[in-house]
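The sequence and structure are shown first.

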Amino acid sequence: MTTVPLQAIRLVRGELVRLAVVLATAASLTLALGMIFPVQFTLDTAGYRASAARTIAAIEAPVHSDDDVREALGGERVVMGTPYVTAAYAEGREIQPLSLWALSGETPDFELTLMPDSTRAAGEARDPSDAGTWIDISADVAHALGVGIGDPIEVVLGPDQRPAFTVRGIYAVRESGYAGVAHVSSAAILSVDPDNDVSPTQLSTTASAEEVERMLTSDPWRKAMLEANYLEPFETEQNADRITRAEGQSVVNLSLILAISMIAFIALIAIVIGESVAILRTFHPRAQILIDLGASASSVYRTMVLTVCGTILLALSMGSGVGTLAYTTGFAGATLPPSLVPAWWIITGIGVAAGLATTAIISARRLRLATR
Amino acid sequence: MTRSRMRLGRLSTYGTLAALALALGTIAPAQAAVSVDIAGDSSFSVTATAKTSHSSVKKNSTRLKGTATLKYEAYVLGFAMPVTGYYMNSFPTVFKQPRLDAANADLASKSYRKINNAWLGTKQWVINGQQGFWGTKTVTLKGSAVGASKGSRYFHAGTGTGHGTDANAILRVTVK
């Protein structure tokens with residue numbers, strides 16, 4: 001003779017399988033679709049938000065003048081670079097436009113760039129004194145070229161100049177206006193192309209905008225700027241403004257995607273609640289037969305609650321895991337930014353909580369009716 | 001719950017799942033691969049036009065006006081797709097830092113920055129940006145600059161890719 005719990009489960013075995021399949025499918029679809037906006041928004045803004053830079057400005061400085069600039073800014077942290085608009089290639093695939101930054105100095109301060117360590121999606125922590133022909137790339141570049149850590153990438157540095165660099169790290173960031181972003185050292189560029197002009201034209205620093213303006217309007221910096229055809233007053237930009245602009249542009253560009261993301265999350269909760277209610281309503285008349293035959297109502301409903309809750313937990317967790325494939329395979333996005341992994345599982349948890357709460361409430365009501 | 005209500009509930013669940021799958025199947029690939037497909041895929045196209053007020057100007061005298069126009073189209077089976085368009089225009093550094101006169105799209109910076117153009121192998125004054133759109137988009141960037149030193153270089157408009165493709169246009173301008 002089978003026990004009451006087993007008999008209770010057998011009554012809705014088919015419904016439980018259906019519940020599991022529907023919830024797993026719903027979780028994978030809604031999370032994959034609903035996370036498009038958070039993923040794109042995070043990629044668009046993460047570099048700006050995580051950067052330690054306070055002020056960004058144009059500068060005309062000789063190669064290896066980082067120490068002079070640091071001293072002129074009262075010892076504030078500084079990183080300088082030469083931006084390139086270019087393209088990268090790997091095994092017949094390409095990405096363009098690519099924003100390539102040649103970072104000057106023997107030990108560049110990566111935390112001031114758009115690729116601070118907290119945005120690292122793959123690769124080891126960087127050694128600032130690494131003088132090799134490394135290249136740090138954004139997740140979009142890795143996705144577009146189909147490359148990983150240790151793979152070679154060819155980068156256009158000039159007419160008939162396409163040297164190869166080795167991927168050292170992959171970062172979940174973007175630079176406004178470019179499909180891809182990458183960093184190399186100016187020393188590496190000079191080692192493969194000694195004639196390339198890598199004198200820095202951009203400065204990122206922890207100094208305030210006022211301090212940077214004060215430096216740029218004093219010689220020899222002012223003279224160098226005027227000789228390079230810059231117009232006074234020299235412009236500086238605060239990182240806070242870059243963050244605001246990047247966030248604003250991302251929301252405007254993705255407003256429809258944002259709406260679809262919200263609809264997807266609402267659909268997940270609605271399906272979880274609807275299916276939980278449906279299976280318990282199906283179960284109720286069948287449970288009554290067991291109760292009429294002498295089974296304990298509380299035992300029957302307790303079994304059902306535990307089984308449905310277990311099914312919801314398992315199905316949503318599995319579906320959620322399957323949903324991440326949309327990003328790990330590059331189908332819906334270049335990568336799942338490290339900062340969004342907890343959010344992914346929190347949303348899964350909200351779905352589970354909604355299902356558990358619905359099941360508990362409906363079961364309690366049904367149990368009350370059954371024991372009256 | 002009556003059988004008809006249950007059937008209706010199941011239908012709505014399956015309908016929602018089907019709609020989610022359809023939305024994921026159409027939107028996700030476009031979001032994941034915009035940067036690559038926009039210039040090359042036959043379903044996506046972009047054309048660039050460069051226009052200048054003069055082909056040559058006198059040093060420290062006439063202001064050269066340059067206009068970049070980029071037209072994007074992104075459709076799959078007749079349906080408008082959500083993609084991102086990239087655009088830029090650049091002046092040669094024989095001009096003083098150009099002034100941005102008009103732009104009808106988001107920009108990465110409101111002033112021209114000096115950036116190495118890898119294809120030309122030289123630094124240019126560049127302004128650029130990106131914007132998401134569905135289906136069709138026309139971006140116009142207008143700038144102007146005064147000649148600073150004698151020389152002949154290129155004014156460029158496009159997606160920032162190699163010159164000579166249909167997504168980029170260049171015009172030679174001279175400072176006398």
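In what follows, Ala, Val, Leu, Ile, Met, Phe, Trp, Tyr, Cys and Pro count as nonpolar, Asp, Glu, Lys and Arg as charged, and the others, Gly among them, as polar. The model is predicted: local features need pLDDT of at least 70, side-chain atom pairs count only at pLDDT 80 or more, and totals for chains, interfaces and linings use all residues. Residues are numbered from 1 along each chain as its sequence is written.

**Largest pocket**
- The volume of the largest pocket is about 720 Å³; a pocket is an open set of points on a 1 Å grid over the protein atoms alone, where a 1.4 Å probe fits, with protein on both sides within 12 Å along at least five of seven lines, and a volume is the space filled by probe spheres set on the points.
- Its lining comprises 40 residues, of which Gln202(A), Glu237(A), Ser109(B), Ser111(B) and Arg113(B) are the closest to the centre; lining residues have an atom within 4 Å of a point.
- By class, the lining divides into 21 nonpolar, 10 polar and nine charged residues.

**Helix pair**
- Helices α3 (residues 36-50) and α10 (residues 255-292) of chain A (DSSP runs of H or I, at least four residues) have axes, lines fitted to C-alpha atoms over the stretch in contact, that come within 8 Å and cross at roughly 135°.
- α3(A) and α10(A) are therefore oblique to each other, as angles run from 0 to 180 degrees between N-to-C directions and those under 35 degrees count as roughly parallel, over 145 as roughly antiparallel, 65 to 115 as roughly perpendicular and the rest as oblique.
- The residues of this contact divide into five nonpolar, one polar and no charged.

- Gly146(A) and Glu91(A) are 55 residues apart in sequence and 8.7 Å apart in space, C-alpha to C-alpha.

Technical notes:
Chains lettered and ligands numbered in written order. Heavy atoms only, no water. Helix = DSSP H or I, 4+ residues; strand = E, 2+ residues; numbered from the N terminus.
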